[in-house]
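Please look over the structure below before reading on. My points follow, in numbered form.

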Amino acid sequence: MTHRNRTEKPAILTLLLAILHGAAGLSILVISSWFIAISAIAPLGFNYVIPAVVIRALALLRIASGYASMWVGHNDLLYRISGVRLLVFSQLTNAHSGSHAYSTEALAHHTEEVASMWIAWIAPLSSVLILFVSVCVGASTFGLPGAPILWVGFVGWLFIMSWQGVRSLKGAGHYAASTTHFREQTTAFFNTSAIWHLKKTDSITSGQSPRYQLKNVPSAKQVWRDNLTQQASAHSAAWLFQGVAYCLLIGGLLATPSVFYTPLAIVVPMVLLASPDWASSAFHAVTRVSQWQHSRNALNALSTVPYDNLNNVGFNQQLQCEHLKPLEWRSASVSAVVQRQGITLLQGASGSGKSSLLQAIVGLIPSTGRRIVDGVPLPHGLIEGWRYVEQSPTVLSATIKQNLDPAGLGVTEQKMDECLRALGLDSLLPLETWVGKAGRHLSGGESKRLELARAILSSPSLLCVDEPFEGLDAESQQRVCTLLKRVSATTPIVVASHVVPATFSFNELISLDSISLNPTFQRIYDGHKRFTVTETGQ
């Protein structure tokens, strides 16, 4: 089976089931209304059983087709999300995006909007359109009283849909912009968590307990406001169409009341009266069309700058950083050594450059100086197999399994299970548990440990971890310490942290506390496995 067939067949089946679901519901409405009218004038001997059986059969068909449509559609959605995200991953692999928040938004939101097009708007819009046209054509073909009113209602529906589409396109742009802005604010806010105590306002007394409030805390009010505006737009369009349908019905009754004196005449009024049930879903689907269009444009506009990629480099003895200096640093360089086995702890005050140094070691950001592996200098660039675990974790709206192996490296479920249990994340099992948006919400500590598990399972040649203990309770810190110690037996690890648990065992320590004062620094061994960055004499 080709990829295209695997992609299109479930989507088309979802559409057909949605149409069947809508048709069954509308048929129940039409037959029930006719049955009520005919019962008032039916002669003796009229068989009431057959219409009742038909209505019950249609009700069962409606229920079955609805559940089947949801089941097939959501399975297709999961498959499509995986495909779209793999395309985004292939674009971000070995490349740098100008905005971390933008690339996170692409993975977390835009991919889901693009992948959900069939279940979110194609099926609802198509089913309503096909049913509306079928009802109008059927009413005209069988000469039902009030058939022209249905055609006028259809034209009005198309006009309101177009108006709603223009409004929702504008709203989708505002919502995406406010969401991206909020992500940028929260990323910057959590990256400065080490100095939150400096941002406290004066204490606020509540009874006998003082409380403190942080300054400049990011707010999601604008995101919620834009989201509610989009929902209100869809609701207002639905109410407008409902008003148009009621006005057409009243106008038709007043203009030609005589044509509605037959049993079949009740069909058109019932269809119009029930329009909010079977036709209004299209207005919400139009909003999703706008979001899909904006997300697709955003993914197409996702720009990346490729790294100078180097093959995976392992080392038998040590990695030596000689006068290594990220370009964003203004005045200092660092010389240090990372041994083949064990853990190297990188310490320093907030703003001393711990994160930048880790990224420079891996090759994620431009730098000067040299990286020397076993005496062989390496060219500048990103080294495949060297992993950097950032302090702001990224959790995909997907299953635990997909979060642990997003690139499809073939990590076994047994390894995933063992790693999760070692980090105290066995509550996230089974691996098919959905997390993120529309799934289980993860705490900050769970997200941080999940990202650490993802990096460890990728079998890196060098693991650089940024602030792994921040925000964790004592038990979770102990589990992270134990796992890092176990992994360090085969993989060199560099940990940057201002939080050092008492149980954390490391082999070497590099301190950047004085980095802002000296122009050039080197690592000095004091005889106790402790290394300090000091001035070289320049």
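1. Helices (H or I, at least four residues) and strands (E, at least two) are DSSP runs, numbered from the N terminus. Just after helix H12, Gly-424 takes a positive phi of about 75°.

2. This is a predicted model, so local features need pLDDT of at least 70, side-chain atom pairs count only at pLDDT 80 or more, and totals for chains, interfaces and linings use all residues. Residues are numbered from 1 along each chain as its sequence is written, and side-chain values use heavy atoms, with hydrogens and water left out.

3. Confidence comes next. pLDDT is the predictor's confidence in each residue, from 0 to 100. The protein averages 80, and 83% of the residues score at least 70. By element, the mean pLDDT is highest for helix H12 (residues 413–422), at 93, and lowest for strand E18 (residues 521–525), at 36.

4. Two stretches call for caution. pLDDT stays under 50 over residues 1–5, with 3 contacts (heavy atoms within 4.5 Å) beyond four places in sequence. Residues 515–538 also stay under 50, and there the model has 61 such contacts. Where pLDDT is low, the predicted coordinates should not be read in detail.

5. Which residues of H12 are buried? They are Met-416, Cys-419 and Leu-420; buried means under 20% relative accessible area, exposed over 50%, and partly exposed in between (1.4 Å probe, protein chains only). Seen down the axis of H12, these residues fall within an arc of 100°, so they line one face of the helix. The arc is that of the directions from the helix axis to the C-beta atoms. The buried residues of H12 pack against helix H11 (400–404), helix H13 (444–457) and H14.

6. A search of the whole structure finds 7 salt bridges (a side-chain nitrogen of Lys or Arg within 4 Å of a carboxyl oxygen of Asp or Glu). One of them joins Glu-113 to Arg-288, with the closest N and O atoms 3.5 Å apart. Glu-113 lies in helix H3 (residues 100–115) and Arg-288 in helix H9 (residues 281–300), so the pair ties together parts 175 residues apart in sequence. Glu-113 is buried, at 6% relative accessibility. Arg-288 is partly exposed, at 29%.

7. Two further salt bridges lie within helices. In H12, Asp-417 and Arg-421 are 4 residues apart, about one turn of the helix. Their side chains meet at 2.7 Å, N to O. Asp-417 is partly exposed at 24%, and Arg-421 is partly exposed at 43%. In H14, Glu-475 and Arg-479 are also 4 residues apart, and their side chains meet at 3.8 Å, N to O. Glu-475 is exposed at 54%; Arg-479 is partly exposed at 29%. An α-helix has 3.6 residues a turn, so residues three or four places apart point the same way.

8. Leu-129, Val-133, Val-137, Trp-151 and Leu-158 form a nonpolar surface patch, with about 360 Å² of accessible area together. Helix H4 (117–141) and helix H5 (147–191) each supply at least two of its residues. H4 gives the largest share, 3 residues. Trp-151 lies in H5 and is partly exposed, at 34%. Patches are made of residues with over 30% relative accessible area and no salt bridge; like charges are joined within 9 Å, nonpolar side chains (Val, Leu, Ile, Met, Phe, Trp, Tyr) within 5 Å. Accessible areas come from the Shrake-Rupley method with a 1.4 Å probe; for residues, only the protein chains shown count as cover.
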